[in-house]
Amino acid sequence: MFDQLFDLIRENSDDAIIKNPDVPNEHNEAVMGEATNSIIGSLQSMLANGQGREVLGLFNGDPNNMQVQPAMQQISGNFMSSIMEKFGLNGSQAGKLAALNAFSRVLYALKANPHAAILEAVAGAGLGFECV
């Protein structure tokens with residue numbers, strides 16, 4: 001599942017990370033890895049703490065308004081803290097990275113993805129969402 005999520009991040013973060021002057025090229029892969037860890041870690045933590053409704057909000061909401069979802073705010077906050085600590089970015093730089101639509105696109109891609117392992121992990125966590 002980690003590899004598939006990392007691939008989704010790579011596919012959806014070209015402008016956000018790779019072409020971002022605040023992220024040196026030698027750190028692109030590591031920053032994408034932190035984005036992956038932030039998504040997985042935040043969702044796992046939220047589910048473990050009984051916040052399944054907030055997680056579901058990511059999959060039921062309008063992809064254009066995902067930044068206001070509590071789960072998205074937690075994912076973004078965790079990502080910002082991590083990249084500030086590990087890559088020496090300041091709060092403004094980290095905030096710009098977290099505010100870009102990469103997370104929204106990745107989470108929307110999770111909702112509409114063909115990866116059985118990701119769907120099984122979500123179902124295994126006791127969550128469901130509509131399939132169309």
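**Helix packing in a predicted model**

Visitor: Is Ser38 buried or exposed?
Guide: This is a predicted model, and here Ser38 has a relative accessible area of 6%. A residue counts as buried when that value is under 20%. Ser38 is therefore buried.

Visitor: How are α3 and α4 oriented to each other?
Guide: The axis of α3 comes within 7 Å of the axis of helix α4 (residues 52-60), and the two cross at roughly 135 degrees. Roughly antiparallel would need an angle over 145 degrees, and roughly perpendicular one of 65 to 115. The α3 and α4 pair is therefore oblique.

Visitor: How many nonpolar residues are in the contact of α3 with α4?
Guide: On the α3 side, the contact is made by Leu43, Met46 and Leu47, while α4 brings Gly52, Glu54, Val55 and Leu58. Sorted by class, one residue is polar and one is charged, and the nonpolar ones number five.

Visitor: What about α5 and α6: at what angle do they pack?
Guide: Two packed helices are described by the angle between their axes and the distance between the axes. For α5 (residues 70-87) and α6 (residues 91-99), the axes are 9 Å apart and the angle is about 140 degrees. That makes α5 oblique to α6, at about 140 degrees.

Visitor: In which helix is confidence highest?
Guide: Across the protein, pLDDT averages 78, and 70% of the residues score at least 70. Confidence is lowest in helix α8 (residues 116-124), with a mean of 64. Where pLDDT is low, the predicted coordinates should not be read in detail. At the other end, with a mean of 91, confidence is highest in α5.

Visitor: Stepping back, how many helices does the protein have?
Guide: Buried residues make up 41% of its 132 residues. There are zero strands, and the number of helices is eight.

How values were computed. Residues are numbered from 1 along each chain as its sequence is written. This is a predicted model: local features need pLDDT of at least 70, side-chain atom pairs count only at pLDDT 80 or more; totals for chains, interfaces and linings use all residues. Side-chain values use heavy atoms; hydrogens and water are left out. Axes are lines fitted to C-alpha atoms, for helices over the stretch in contact, and angles run from 0 to 180 degrees between N-to-C directions. Helices (H or I, at least four residues) and strands (E, at least two) are DSSP runs, numbered from the N terminus. Angles under 35 degrees count as roughly parallel, over 145 as roughly antiparallel, 65 to 115 as roughly perpendicular and the rest as oblique. pLDDT is the predictor's confidence in each residue, from 0 to 100. Buried means under 20% relative accessible area, exposed over 50%, partly exposed in between (1.4 Å probe, protein chains only). Contact means heavy atoms within 4.5 Å. Ala, Val, Leu, Ile, Met, Phe, Trp, Tyr, Cys and Pro count as nonpolar, Asp, Glu, Lys and Arg as charged, and the others, Gly among them, as polar.
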